[in-house]
Amino acid sequence: MVQRAVIHPEHNSRGPCDDSNVNCRFKSISALYQYGPNLNHANLTKMAQQAIVHAENSYVQFLSDITKGSEKVVISLLDDTGSEELPKFNYIPNNIIYQNANVNISLDRVADEGCCSDCLGNCLSLTFPCACSQETGGEFAYTREGLLKEKFLEACIAMKIKPQPYHFVYCQECPIYKGSEHMPEECKGHLVRKFIKECWRKCGCDMQCGNRVVQRGLRCKLQVFLTQEGKGWGIRTLEDLPKGCFVCEYVGEILTNAELYERVLHKSSKDRHTYPVTLDADWGSERVLKDDEALCLDATYNGNIARFINHRCFDANLIDIPVEVEIPDRHYYHIALFTNRKVKAYKELTWDYGIDFDDQEHPIKAFQCCCGSTFCRDKKKKGRLHNLLLSLLCNVRI
């Protein structure tokens, strides 16, 4: 139990500062983030010694665990200016259905050929890929170290950066646009993504099987922090992350596209909406989707750590990959975020949301981008030099 004292943390409505009370305000301590998830009495003493050199009217706002103990690792929050209001949302470690979304999860729907019931222990130790891996191109996407295989990751990066025309499918009646108040617009196309199929409950392997990575949950040491570039809250890693490392899942409420449209239409001016994620990676399997099958994720009111990951055009250090776990169809799947290159400790983690800033008909209006990338898609003027650089970068490996 971390007790109050040594650096004069202020009292607040929650009471003294300890592990059960995660909301504390401290005298400004520039090194606080270094201790993040390792907060204990010895570290507090070190911080107290460093606090003497800081101004009396400067404060640090600190939460020891924003997950409320719902994750396997604690995730702290730091605002070293005390200038931002704490985010108001309900932390959830797994997706939840809002109301009308059709997510039928049951063992009965998983056919015998859709699982590896004959496997034992770790499927990655087999001399040949198991039945589950057949959905992942006939081979495992993960190495024995739990990282994405180089070949699989590079293929995902190439498809994200420079998709080809044959990578897209088009709806006869697009769920994104038919919910608007205008006449249905022509489908802009949906990228058919590479999937990862993980083993699940009906499989014979155990929970430590190497083909069960995303479902085992978050394991990286992360921290929510207030950015200095005007982007609000962001996420940084507190440890070096290798290329192909699973960072976290994007978790939120599962809504139908129609429900999301209504939610955004009637939102309060005080609500700061996160940008929703459309689960459209396999819409090409059916030409027409029912309303309760066109799903998306919204982490505005209920979400996990991923709701704080900022967008960065083109050269973000995370990539989102669809992961199928519980059900055999792909109307619903998990959005898993992996590193697409090595990321040093204390670097901000960013993710390209895939926004088309020029799409004026989309029901969900894009925000004004301030990612700072040389290749920002929201720039109004894109000269020949920008297009040349973009073309060159598309043809090199990240």
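A polar atom of the K202 side chain lies 3.5 Å from the backbone oxygen of L107. This is a predicted model, in which local features need pLDDT of at least 70, side-chain atom pairs count only at pLDDT 80 or more, and totals for chains, interfaces and linings use all residues. Residues are numbered from 1 along each chain as its sequence is written, and side-chain values use heavy atoms, with hydrogens and water left out.

**Around K202**
- K202 sits in the loop between strand 8 (196–197) and strand 9; strands (E, at least two residues) are DSSP runs numbered from the N terminus.
- Leaving aside neighbours within four places in sequence, K202 is in contact (heavy atoms within 4.5 Å) with L107, V110, D112, C115 and S117.
- K202 and A111 are 9.2 Å apart, C-alpha to C-alpha, and 91 residues apart in sequence.

**Nonpolar cores**
- A nonpolar core is a set of buried Ala, Val, Leu, Ile, Met, Phe, Trp, Tyr and Cys residues joined through side-chain atoms within 4.5 Å.
- The largest nonpolar core has 43 residues, of which I66, L222, V224 and I305 touch the most other members.
- Strands that each supply at least two residues of this core include strand 9 (222–226) and strand 18 (334–339).
- A second, separate core of 34 residues includes C119, L124, V323 and A336.

**Whole protein**
- Of the 398 residues, 51% count as buried.
- The protein has 19 strands.

Key: Buried < 20%, exposed > 50% of the residue type's maximum accessible area, 1.4 Å probe, protein only. Helix = DSSP H or I, 4+ residues; strand = E, 2+ residues; numbered from the N terminus. Polar contact = N/O pair within 3.5 Å; in protein donor to acceptor, adjacent residues only side chain to side chain.
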